[in-house]
Amino acid sequence: MPRRADQDTFDAVDAFLEGTLFALPDPVLEAAQTDADDGGLPPIQVTAPQARLLAILCRTVGARRILEFGTLGGYSTIVMARTLPSDGLLTTLEYDPHHAEVAWANIERAGLADMVDLRVGAALETLPLLASEGCGPFDFVFIDADKENTPAYFAWALDRTRPGGLIFADNVVRGGSIADPGDDPAAHAQRAFHEYLAEEPRVSATTIQTVGAKGYDGFTLAVVV
Ligand code: SAH
Ligand code: DHB
Ligand code: MG
């Protein structure tokens with residue numbers, strides 16, 4: 001029976017998933033979220049189902065080198081880093097020193113400090129340093145920082161992602177603003193991002209619209225061909 005759904009329905013379905021697929025206690029992840037909330041960080045981390053998708057994708061490509069733009073309190077960082085083999089490395093870039101401090105405590109408590117390289121600063125300023133250090137090539141890239149720079153982060157990451165590797169960009173639909181951007185710079189950046197993707201022969205990319213506890217949004221997933 002098809003029916004119209006609204007945010008109450010999206011919340012109810014995510015609550016159902018929390019109680020089924022995500023019912024097993026995960027004290028480390030729960031503590032990370034509590035400390036992010038107590039630290040005043042904005043509650044904009046991926047939801048549990050979205051985090052599981054990231055982990056599934058990391059496992060699917062056998063990721064040993066992961067790059068993340070936007071650490072926040074380390075929720076997505078922890079979920080992805082847990083998929084790494086013992087010699088794996090996740091590099092995560094965070095602008096806000098307070099977010100980075102909360103995230104690092106969470107990453108340490110998760111026992112992942114040896115596998116995570118957290119760099120504090122504006123990502124566009126950190127990237128030249130990473131390049132000079134010979135970082136990568138990456139197997140999986142998660143772009144989830146300032147949305148205006150998603151195209152720039154993607155272009156930089158593409159040069160350093162191996163064939164068969166995946167690049168995942170979060171929050172590209174933003175309540176439909178990609179179709180009706182008005183004067184929202186982030187929405188215009190997502191439109192430019194898609195125009196660039198359409199012309200970029202090195203990737204096959206798609207964008208999937210999503211609903212859930214975080215509302216109506218969507219992600220772009222690209223494979224390097
Ligand atoms: N990936 C996280 C959520 C990230 S929220 C999770 O799902 O758990 C976006 C983060 O990007 C915020 O912490 C914000 O401070 C950070 N950010 C904003 N501008 C940035 C920039 N220029 N460089 C790096 N990080 C940035
Ligand atoms: C915002 C950032 C995110 O990464 C997200 O998933 C939702 C919202 C934001 O900056 O508003
Ligand atoms: Mg996001």
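Author: In strand β2, the bridge partner of R65 is L89. Helices (H or I, at least four residues) and strands (E, at least two) are DSSP runs, numbered from the N terminus, and two strands pair if DSSP finds at least two bridges between them. This is a predicted model, in which local features need pLDDT of at least 70 and side-chain atom pairs count only at pLDDT 80 or more, whereas totals for chains, interfaces and linings use all residues. Residues are numbered from 1 along each chain as its sequence is written, chains are lettered from A and ligands numbered from 1 in the order in which they are written, and side-chain values use heavy atoms, with hydrogens and water left out.

Reader: How many bridges join strand β1 to β2, and do they run parallel or antiparallel?

Author: Strand β1 (residues 65–69) is joined to β2 by 5 bridges, and the two run parallel. Within this pairing, E68 stands opposite T92 in β2. Strand β1 is also joined to strand β4 (residues 138–143) by 4 bridges, again in parallel, and there F69 has I143 of β4 as its bridge partner.

Reader: What is the handedness of the β-α-β units?

Author: A crossover is right-handed if, with the strands pointing away from the viewer, the path from the first strand over the helix to the second runs clockwise. One right-handed β-α-β unit consists of β1, helix α4 (residues 75–81) and β2. Another right-handed unit is made by β2, helix α5 (residues 97–109) and β3.

Reader: Why is strand β2 described as largely enclosed?

Author: Buried means under 20% relative accessible area, exposed over 50%, and partly exposed in between (1.4 Å probe, protein chains only). Strand β2 (residues 89–94) has 5 of its 6 residues buried, so the rest of the structure largely encloses it. For β1, 4 of the 5 residues are buried, so this strand too is largely enclosed by the rest of the structure.

Reader: How many aromatic pairs are there?

Author: A pair of aromatic rings is described by the distance of the centres and the angle of the planes. Rings of Phe, Tyr and Trp (its six-membered ring) pair if their centres lie within 6.5 Å; planes under 30 degrees apart count as stacked, over 60 as edge-to-face and the rest as tilted. The count by this rule is 5 aromatic pairs. Among them, F154 and F193 are edge-to-face, at 5.3 Å centre to centre with 65 degrees between the planes. This pair links distant parts of the chain, with F154 in helix α7 (residues 150–158) and F193 in helix α8 (residues 185–199), 39 residues apart. Both F154 and F193 are buried. The ring centres of F154 and Y196 are 5.9 Å apart and the planes stand at 80 degrees, so this pair is edge-to-face. Y196 is partly exposed because its relative accessibility is 25%.
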